[in-house]
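Hi everyone, thanks for making the time today. Let me put the structure up, and then I'll walk you through it.

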There are 2 protein chains.
Amino acid sequence: MVVYKLHYFNLTGLGEPIRFLFHYGGIDFEDVRYEMNEWVDLKKKFPLGQLPVLEIDDKEHVQSMAICRYLAKQVGLAGDSDLENMEIDAVVDTFNDIRLKISTVMWEQNQEVKKEKQKILHEQQIPFYFKKLDEYAEANNGHFACKKLTWADLYIASWSKYFSYAIKEVFNDYENYPNIKKVVDNVLAIENIKKWVETRPDTFC
Amino acid sequence: MVVYKLHYFNLTGLGEPIRFLFHYGGIDFEDVRYEMNEWVDLKKKFPLGQLPVLEIDDKEHVQSMAICRYLAKQVGLAGDSDLENMEIDAVVDTFNDIRLKISTVMWEQNQEVKKEKQKILHEQQIPFYFKKLDEYAEANNGHFACKKLTWADLYIASWSKYFSYAIKEVFNDYENYPNIKKVVDNVLAIENIKKWVETRPDTFC
């Protein structure tokens with residue numbers, strides 16, 4: 001049996017899509033979590049000085065998207081053709097475009113710069129990208145790609161908790177984006193995912 | 001016959017890995033190039049207001065990484081297993097981590113901020129990531145992943161021209177990173193790639 005060990009911070013973030021995929025597939029894994037204040041000392045222990053890291057039978061693997069794409073294959077949530085995989089990758093990358101903008105503003109330390117960036121984020125970038133994603137969800141019959149459940153749905157749904165902290169001023173569980181909301185709600189209603197979300201560690205984001 | 005039409009700016013950047021993959025595979029494509037000053041008017045014509053966009057038989061596809069991964073499959077430069085593909089994806093994403101830092105500094109408008117960021121980039125980030133990539137290249141017998149030629153090699157090699165502008169102060173064709181240099185030189189010596197690089201439009205980056 002393959003032994004999986006996920007190293008990430010004690011929050012959702014880039015670790016949560018990986019946890020969602022494991023739980024969806026009913027695959028056992030060790031969910032190792034670090035507190036931020038431990039990180040300075042731990043950083044050097046990991047190949048790129050960054051997390052997540054997934055150990056598969058003691059071999060360390062880096063880069064969250066590479067890990068997600070691999071696990072999606074293992075749990076049957078990849079596409080059935082190269083074209084389908086391109087479609088999934090594209091919507092995930094588009095989601096990550098806005099997700100990165102959100103994270104950058106969230107971690108900005110200069111309060112003046114933060115306020116300025118927040119304005120552009122809330123007034124322009126979030127509406128633009130969320131509308132696009134809503135259109136994708138509408139065009140794909142309640143999914144983000146390929147008109148069926150893929151890892152794009154799980155990936156995007158896994159960020160909701162993070163968003164409810166990072167952009168709490170404007171995030172209302174996608175109420176204004178009914179097609180995104182439907183996909184996310186459907187993912188969160190999947191038995192294995194539901195159980196995980198109900199029992200996972202309660203973190204600030 | 002599939003008809004490919006690539007829309008990108010008249011520079012290397014995110015378009016060049018795609019062009020490299022087409023040329024490597026000997027696949028015909030239309031190489032549509034836009035000047036920066038045309039962009040304000042053109043932006044709205046494209047799905048996400050960004051480039052590259054690849055038309056495949058008139059259907060528009062977005063997101064450069066999704067496009068590269070798809071084309072890599074078509075030209076035989078993807079991995080032979082899910083594990084191999086994860087390894088390729090991981091090294092490409094690690095390269096993109098530093099590539100993005102380089103681009104952010106290159107396009108920074110505030111000269112004071114730029115200078116500060118440049119210092120961190122040149123003294124810490126570039127040495128850190130280039131050393132990691134050099135280690136990968138050494139461990140993989142002259143390739144970046146899987147001990148064989150994959151799209152990771154083409155991807156990384158395709159950015160050399162861009163780097164020779166973006167970080168001209170410190171970039172010397174990887175002279176200090178002999179293993180990276182070897183991979184890049186080998187890619188640029190592939191007949192179809194060599195011909196392309198010799199005849200491609202002469203752009204500033």
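Before the strands, a word on terms: two strands count as paired if DSSP finds at least two bridges between them. Helices (H or I, at least four residues) and strands (E, at least two) are DSSP runs, numbered from the N terminus. Please keep in mind that this is a predicted model, where local features need pLDDT of at least 70, side-chain atom pairs count only at pLDDT 80 or more, and totals for chains, interfaces and linings use all residues. Residues are numbered from 1 along each chain as its sequence is written, chains are lettered from A and ligands numbered from 1 in the order in which they are written, and side-chain values use heavy atoms, with hydrogens and water left out.

Let's begin with the sheet of chain B. In what order do the 4 strands of this open sheet run? The order is 2-1-3-4, with mixed pairing. Strand 2 (30-34) and strand 4 of chain B sit at the edges with a single partner strand each, so one side of each has no neighbour in the sheet. On average, neighbouring strands are turned by 20° against each other, direction ignored.

Now the pairings. Strand 1 (residues 4-9) of chain B runs antiparallel to strand 3 (residues 53-56) of chain B, over 4 bridges. Within strand 3 of chain B, B:Val53 is the bridge partner of B:His7. B:Val53 also has a bridge partner in strand 4 of chain B, namely B:Val62. Strands 3 and 4 of chain B are antiparallel and joined by 4 bridges. Their hairpin has 2 residues between the strands, and B:Asp57 takes a positive phi near 45° there.

Chain A has a hairpin to show you as well. Strand 3 (residues 53-56) and strand 4 (residues 59-62) of chain A run antiparallel, joined by 4 bridges. A:Glu55 has A:Glu60 as its bridge partner in strand 4 of chain A. With 2 residues between the strands of this hairpin, A:Asp57 takes a positive phi near 45°.

Back to chain B for the helices. For angles, axes are lines fitted to C-alpha atoms, for helices over the stretch in contact, and the values run from 0 to 180 degrees between N-to-C directions; contact means heavy atoms within 4.5 Å. Helix 1 (residues 16-25) of chain B lies across strands 1, 2 and 3 of chain B, at about 150° to strand 1. Helix 3 of chain B packs on the sheet too, touching strands 1, 3 and 4 of chain B, and its direction makes about 110° with that of strand 4.

So, how many residues does each chain bring to the contact between chain B and chain A? Each chain brings 26 residues. The area buried between them (accessible area, 1.4 Å probe, lost on putting the two parts together, summed over both) is about 2300 Å², with carbon and sulfur atoms giving 58%.

There are 2 salt bridges between the chains (a side-chain nitrogen of Lys or Arg within 4 Å of a carboxyl oxygen of Asp or Glu). One salt bridge is formed by A:Asp89 and B:Arg69, with the closest N and O atoms 2.6 Å apart. On the side of chain B that touches chain A, strand 4 (59-62), helix 3 (64-74), helix 4 (82-107) and helix 5 (111-139) each supply at least two residues. Helix 4 of chain B gives the most, with 8 residues.

Finally, a search of the whole structure finds 30 salt bridges over all chains. Among them is A:Glu84 with A:Lys148, at 2.7 Å between the closest N and O atoms.
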